[in-house]
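Hi everyone, thanks for making time. I'd like to walk you through one structure today, so please have a look at the screen.

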Amino acid sequence: MKFNTKTIHGGQKHDPAYGAVMPPIYQTSTYAQSTPGGHKGFEYSRTHNPTRQALENAFASIENGEYGLAFGSGLAAIDAVMKLLKPGDEVISTNDLYGGTYRLFTSIFKNFGIKFNFIGMQNASNIEHYITENTKIIWVETPTNPMMNIIDIKATAEIAKKHNILLAVDNTFATPYLQQPLDLGADLVMHSATKYIGGHSDLVMGALIVKDKELADKLFFIQNASGAVCGPQDSFLALRGIKTLHVRMQRHCENGRAVAEYLASHPKIEKVYWPGFESHPNHEIAKAQMKDFGGMISFVTKGNDYNEAIKIVENLKVFTLAESLGGVESLCGHPASMTHASIPKEEREKTGVVDSLIRLSVGIEDEEDLINDLKQAIG
Ligand SMILES: *Cc1c(COP(=O)(O)O)cnc(C)c1O
């Protein structure tokens with residue numbers, strides 16, 4: 001099956017009870033047994049639920065994996081991965097990382113004796129300097145948030161394999177429509193399904209996908225033992241979202257390109273961060289590992305004025321000022337006062353998060369309306 005067909009049919013069976021085409025929402029915590037242990041494969045919904053299982057099969061299919069696991073949030077999925085570790089183990093991670101992931105690593109797992117190295121990975125060979133005999137996981141995010149840096153997954157996978165380290169890729173920004181990390185040599189893919197996978201800003205959910213049975217068994221054990229699962233209603237919504245992932249992503253990419261090119265030509269804009277530009281420092285890697293360049297764009301204005309940036313995000317009308325990304329509706333954010341406000345100015349500026357940086361999650365509305373909205377807001 002090819003990708004577009006997989007989004008609709010991958011891992012899916014018609015419901016055995018009545019042939020329902022969509023998996024019913026099995027809103028139940030438990031399942032009747034005829035005799036102790038005599039059940040139809042489901043005992044208790046923390047462990048298994050038919051709606052969640054249909055979703056987990058869909059996750060595995062669209063990422064070209066063997067096993068999918070669904071969690072109550074993206075961070076719950078990352079939390080499960082970190083529970084593979086023991087005190088003394090080390091993790092090498094992208095330095096330009098989703099803030100919540102950074103907080104989970106440094107405020108929770110560091111206290112359990114796990115050591116984290118946050119490093120620049122745009123040159124993959126840099127990773128080798130930080131590998132020790134205790135390194136167990138390399139954690140990669142690409143493209144990164146909000147600077148849209150690109151990390152070479154294949155080159156990173158070769159380093160991870162050589163040292164017998166697990167390579168995990170947060171594929172939230174790209175989605176499997178644009179890039180499939182397992183095919184590039186990664187061992188594990190993670191998603192905040194809250195974003196493009198769900199696609200309609202109506203749920204919070206996380207996903208893990210792997211190929212290896214032994215790794216899957218460990219993660220299923222943690223999923224059940226720690227219990228951060230998602231419910232059947234949200235599983236149903238995510239399944240519905242996945243069915244249009246390819247169509248939505250195609251439009252996100254088309255609109256993303258149009259908005260990026262418009263901003264790049266605007267006299268008041270200093271710089272546009274979007275991996276589709278040939279001038280992007282990792283454009284060649286992006287071209288090699290991604291099918292297209294997505295709808296996430298960041299930009300800074302000439303003069304880099306904090307108040308001017310605030311005015312622009314306040315003036316936008318079609319773009320909604322809000323946290324999150326990946327929904328059908330266009331969103332905008334101002335990292336310096338929102339997602340990155342807790343990071344000291346000097347620190348955030350080192351990674352490029354300057355006062356006038358604005359991040360856009362370009363939705364699937366009409367391109368003309370989005371550009372006119374930017375035109376009136378920027379002036
Ligand atoms: C949102 C996000 C997360 C966290 O996921 P939640 O569903 O909010 O818990 C992790 N990584 C990336 C890249 C994200 O955008």
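Let me start with a question: which residues lie nearest the centre of the largest pocket? They are Leu97, Tyr98, Gly99, Gly100 and Tyr102, out of 41 residues that line the pocket.

A quick word on where this comes from. This is a predicted model, where local features need pLDDT of at least 70, side-chain atom pairs count only at pLDDT 80 or more, and totals for chains, interfaces and linings use all residues. Residues are numbered from 1 along each chain as its sequence is written, and side-chain values use heavy atoms, with hydrogens and water left out.

Back to the pocket. Its volume is about 1,000 Å³. Pockets and cavities are both found on a 1 Å grid over the protein atoms alone: a pocket is an open set of points with protein on both sides within 12 Å along at least five of seven lines, a cavity is a set where a 1.4 Å probe fits but cannot get out, and lining residues have an atom within 4 Å of a point. Grid points are joined across faces, edges and corners, and a volume is the space filled by probe spheres set on the points.

The largest share, 5 residues, comes from helix 4. Helices (H or I, at least four residues) and strands (E, at least two) are DSSP runs, numbered from the N terminus. By class, the lining has 15 nonpolar, 16 polar and 10 charged residues. Here Ala, Val, Leu, Ile, Met, Phe, Trp, Tyr, Cys and Pro count as nonpolar, Asp, Glu, Lys and Arg as charged, and the others, Gly among them, as polar.

Helix 3 (residues 74–82) is mostly covered, with 8 of its 9 residues buried. Buried means under 20% relative accessible area, exposed means over 50%, and partly exposed is in between, using a 1.4 Å probe and protein chains only. Among the buried residues of helix 3 are Gly74, Asp79 and Met82.

Now for a lysine. The UniProt annotation, from an unreviewed entry, reads "modified residue: N6-(pyridoxal phosphate)lysine" and covers Lys195. UniProt positions are in the numbering used here, feature names are shortened, and annotations may be inferred rather than shown by experiment. Lys195 is found in the loop between strand 6 (188–192) and strand 7 (206–210). Is Lys195 buried or exposed? Lys195 is buried, with a relative accessible area of 9%. Not counting residues up to four places away in sequence, Lys195 touches Tyr98, Thr172, Ser324, Leu325 and Gly326, where contact means heavy atoms within 4.5 Å.

Thr194 sits in the loop between strand 6 and strand 7 and is buried at 13% relative accessible area. Thr194 and Gly326 are 132 residues apart in sequence, yet their C-alpha atoms are 8.0 Å apart in space. Beyond four places in sequence, Thr194 is in contact with Leu203, Val204 and Met205.

The largest cavity holds about 70 Å³, and Ser324 is one of the residues that line it, along with others including His334 and Arg359. Its lining has 4 nonpolar, 6 polar and 2 charged residues. The second largest cavity has about 50 Å³, with 10 nonpolar, 2 polar and no charged residues around it. Among those lining residues are Phe173, Leu178 and Tyr196.

Leu178 turns up again as a contact of Asp292, together with Cys253 and Arg257, leaving out residues up to four places away in sequence. Asp292 is in the loop between helix 10 and strand 9 (296–301) and is partly exposed, at 22%.

Last, the cysteines. How many disulfides are there? The count is 0, taking a disulfide as a pair of cysteine sulfur atoms within 2.5 Å.
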